[in-house]
Amino acid sequence: MMSFFRKLVHSTLSDTEVGAELDTGPDNELIVFVHGLTGNREKTWTHRNGIFWPGALLSQDFSRARIMTFGYDADVVRFWTMASSNRLDDHGKSLAYALLDRRGQVDQRPIIFIAHSLGGLVCEEALNLSNKRQDLGSILPNTLGIIFMGTPHGGSHLASWGSTVAKYLNIFRGVNREILRNLQPGSSNLQRTEEDFQHMLLRNNIKLKVYCFYEALKMNDTVGKIVERESAILPAYDNCSVNADHRDMTKFTGRADAGYGQVRGVLERWIKENETQRPDVDESAGASDGHGRGGASYNGPVFNAPISGRKTAISPRYNPGFSSKFSQRAAGHAVSLTGNIGFAEKDTVIGEQAPEPLTIDGIKARRAKAGRLVAPTASYSDSDMFKSPQSFNGPKARRWDHLLSAESKARHPCVLKQAAKHLKKPGLISLGGGLPSAENFPIERLTFRIPTPPHFSEVEASGTDVTTGKHDVERGENGGVHDLSIALNYGQSIGSAQLLRWVTEHTELVCRPPYADWRCALTVGSTGALEQALRMFCDRARGDAVLTEEYSFATALETAAPLGIRVFGVRMDEQGLLPETMDEILSTWDEAARGARKPTVLYTVPSGQNPTGATQGAQRRRDIYAVCQKHDVFIFEDEPYYFLQMQPYIGSDAPGVPPPTSAGEFLGSLIPSLVSMDVDGRVLRMDSFSKVVVPGSRLGWITASEQVVERYIRHAECASQGPSGISQLIMYKLVDESWGHEGYLQWLMNLRLEYTRRRDVILAACEKYLPREVVSWVPPAAGMFLWLKVDHTQHPEGSTKSIIEIEEEIFNSCIEKGVLACRGSWFRAEPDLPLSGLFFRVTFAAASEENMGKAIERFGAAVKESFGLH
Ligand SMILES: Cc1ncc(COP(=O)(O)O)c(C=O)c1O
């Protein structure tokens with residue numbers, strides 16, 4: 001804590017000498033100057049002639065505004081060399097908290113930042129944090145805009161910026177070349193801030209004004225321009241050159257200086273626009289019309305809680321959807337923050353994960369506070385809107401640029417979806433989007449009957465009819481949160497806000513990923529999600545390879561093969577994949593002998609693995625994760641059977657173990673997922689509704705780091721466009737509106753017992769009908785598969801017939817006798833290798849008790865026949 005405190009002592013927010021005295025009221029603007037590289041709070045803005053324009057000029061021209069300068073330690077060398085330890089984060093944090101420190105004075109003021117160079121990224125980081133953190137949540141909705149002056153925004157430019165700056169420092173500051181060699185690597189940190197910020201700007205509920213000034217002149221011929229125009233501008237926003245070099249672009253000779261006139265002009269316009277758009281009262285917090293007809297109202301989701309406090313609080317212009325939520329959060333902020341001393345207390349808030357995990361009651365309380373979710377047609381949303389404040393604690397995920405494929409890196413946001421952000425402009429009439437009008441949708445109403453928890457087996461008797469109409473949101477009917485006009489139209493590839501909220505909450509409830517920037521995105525099921533994930537992380541041209549269990553989900557193997565991705569199997573035991581074997585494979589990898597690069601991805605099915613039914617225990621998962629860390633392997637955690645973890649099997653005659661009686665007990669009984677131990681953000685988890693609700697929904701979701709989810713969405717935008725709207729609506733009505741989290745967990749608890757019963761039936765049949773001397777099995781702890789091992793060494797023709805021949809013989813005989821069992825050879829990760837054993841996969845998911853018995857009897861007969869047993 002002390003080191004954090006020390007790092008921040010240089011960061012202060014001060015009134016300019018003049019501005020402090022000209023404070024005229026709580027609703028007037030706060031203009032905050034943030035200097036850049038090597039600058040300081042005064043020198044950066046002071047001309048050689050001594051004019052400090054924020055004080056000498058601006059404070060007179062905007063006499064009602066409060067003007068402050070933010071000072072921080074901008075030692076660029078230290079900045080870069082410490083970049084990996086989040087130097088930029090620290091500056092952003094200190095700016096945000098410094099603003100918060102002044103809360104009494106600035107709380108309801110529109111904030112305008114004027115930032116030079118790197119200072120622009122400090123502002124961006126402050127706003128990124130405000131977007132994510134409960135305690136800082138009031139800053140973003142109160143920010144009217146940012147004027148960037150020579151701030152490097154661009155990707156490749158940002159990456160090479162370090163070397164330009166190095167030249168600059170070397171020539172103008174005489175900084176040692178040796179030190180400057182280290183400048184380059186820090187760029188990735190800057191890039192992340194920039195990506196987060198630009199991503200946030202794209203959200204429809206963010207209404208920040210942005211203006212970018214860029215330098216027209218070079219420093220000199222050796223250094224050139226520090227920030228080129230392409231990097232200094234943001235394409236969707238206004239920009240203009242200043243006739244000066246990077247260092248002098250923030251220094252004006254006086255009121256007649258053209259540069260000053262340009263900056264003043266932007267400020268005047270923004271303030272004027274803001275004043276004309278400020279209503280007296282806005283209780284609905286920027287809620288849109290919500291009916292979503294014809295795509296004319298393309299908005300981010302908002303929450304309809306009344307704004308607490310004074311009614312004239314905040315203009316919707318910079319009080320977008322979340323203002324009510326955030327203003328309530330800010331009002332509830334209990335830490336006392338005064339002066340720099342307050343940082344010590346803030347540090348506690350920043351660094352420590354709140355000890356209590358999210359609970360169902362916690363979700364209910366948060367929802368009640370946030371108010372009704374209003375998410376009209378094609379609203380953009382992301383998990384950050386729905387995660388609990390404590391989920392943002394912890395470090396950010398690692399970046400995976402080095403693993404992403406060329407294909408994935410080449411994806412850009414969909415221009416048409418991007419265009420939608422202009423719809424937030426007041427009064428704009430859209431002729432742009434290709435969204436049909438809901439008036440022309442030929443489905444007015446849907447009603448379906450669902451079981452009422454906990455009576456899942458008596459649908460007809462005790463079920464509930466759920467109805468959804470076309471204009472429920474507009475009319476406030478049938479829940480008023482989701483309706484057919486939204487569901488039948490195009491949506492965002494990430495999924496509808498309504499279902500994404502549920503999925504995010506559920507994921508936090510169950511998995512609680514330990515890093516800050518995890519997110520979810522809805523998928524068209526795990527089959528499609530895996531195909532996208534493989535294409536994101538594996539490159540045929542690079543010779544990429546994947547590790548998986550030696551017997552693996554056949555469709556996964558069939559997905560990888562045509563993509564040219566080599567798959568290598570890892571030996572298994574009754575708990576699935578063996579971490580020691582995996583470590584050995586990776587440690588001794590011989591690229592030439594294997595004909596593929598050392599694998600960078602592990603595809604694993606930890607619970608009720610398909611086909612073996614094996615379930616990795618908690619320690620096994622931790623060991624696998626550690627091996628992946630050691631070899632920098634990314635993990636695809638495919639978990640369709642996670643919630644089909646059954647009651648322990650302790651023998652056919654033993655009394656059953658009492659099942660969990662509450663949702664909390666049920667969650668506590670589940671083996672921790674890989675994503676729940678994922679401190680690096682190296683897991684892409686795939687959940688699916690297929691096995692736990694209905695496969696025909698073609699719905700699932702992924703959980704991964706923000707970077708990975710963003711790449712996933714870029715891919716989905718140009719592929720499936722995300723899951724079916726109708727499917728999402730039905731699922732939302734079922735798991736959210738009707739059952740809620742508790743009801744859904746009760747459903748899963750019920751399913752657990754159903755599968756336990758089925759498993760026990762098939763195991764009893766196996767014990768009764770199979771020749772134990774040649775057939776063995778491990779009672780599965782999860783899933784729907786039983787893996788039957790047949791001891792081929794005891795086959796009478798074992799010395800002359802191959803395993804595959806015996807397998808074929810038994811398979812054909814089974815078909816003849818009227819039972820289908822899957823051949824183990826169908827699931828081999830490396831089909832070119834000789835079979836190591838003789839296996840059959842049978843499922844207990846579908847057949848009736850009676851039929852399961854018959855089927856196993858027939859299978860037993862086929863084995864006995866082949867082995868000459870009676
Ligand atoms: C391991 C595994 N992953 C994924 C799937 C398919 O999931 P979805 O229906 O979500 O595409 C299955 C279905 O059999 C499976 O066994």
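Tutor: In this predicted model, axes are lines fitted to C-alpha atoms, for helices over the stretch in contact, and angles run from 0 to 180 degrees between N-to-C directions.

Student: At what angle do helix H14 and helix H29 pack, and how are they oriented to each other?

Tutor: Helix H14 spans residues 360-370 and helix H29 spans residues 740-769, and their axes lie 9 Å apart. The angle at which the two pack is about 150°, and angles over 145 degrees count as roughly antiparallel. H14 and H29 are therefore roughly antiparallel to each other.

Student: Which residues in H29 are met by residues in H14, and how does the contact divide by class?

Tutor: From H14, the contact involves Ile-360, Ile-363, Lys-364 and Arg-367, and these meet His-741, Glu-742 and Leu-745 in H29. By class, this contact of H14 with H29 has three nonpolar, one polar and three charged residues.

Student: How many residues surround the ligand, and how many of the shell are charged?

Tutor: The ligand is surrounded by 14 residues, and the closest are Thr-527, Asp-638, Tyr-641, Ser-688 and Ser-690. Within this shell, five residues are nonpolar and six are polar, while the charged ones number three.

Student: Which side chains place an N or O atom at 2.6 Å and 2.8 Å from an oxygen atom of the ligand, and how much of the ligand's accessible area does the protein cover?

Tutor: The side chain of Ser-690 has an N or O atom 2.6 Å from an oxygen atom of the ligand, and for the side chain of Lys-691 the corresponding distance is 2.8 Å.

Conventions: Residues are numbered from 1 along each chain as its sequence is written. This is a predicted model: local features need pLDDT of at least 70, side-chain atom pairs count only at pLDDT 80 or more; totals for chains, interfaces and linings use all residues. Side-chain values use heavy atoms; hydrogens and water are left out. A residue is near a molecule or strand if one of its heavy atoms lies within 4 Å of it. A polar contact is a pair of N or O atoms within 3.5 Å; within protein, one must be able to donate a hydrogen and the other to accept it, and residues adjacent in sequence count only if both atoms are side-chain atoms. Ala, Val, Leu, Ile, Met, Phe, Trp, Tyr, Cys and Pro count as nonpolar, Asp, Glu, Lys and Arg as charged, and the others, Gly among them, as polar. Helices (H or I, at least four residues) and strands (E, at least two) are DSSP runs, numbered from the N terminus. Angles under 35 degrees count as roughly parallel, over 145 as roughly antiparallel, 65 to 115 as roughly perpendicular and the rest as oblique. Contact means heavy atoms within 4.5 Å.
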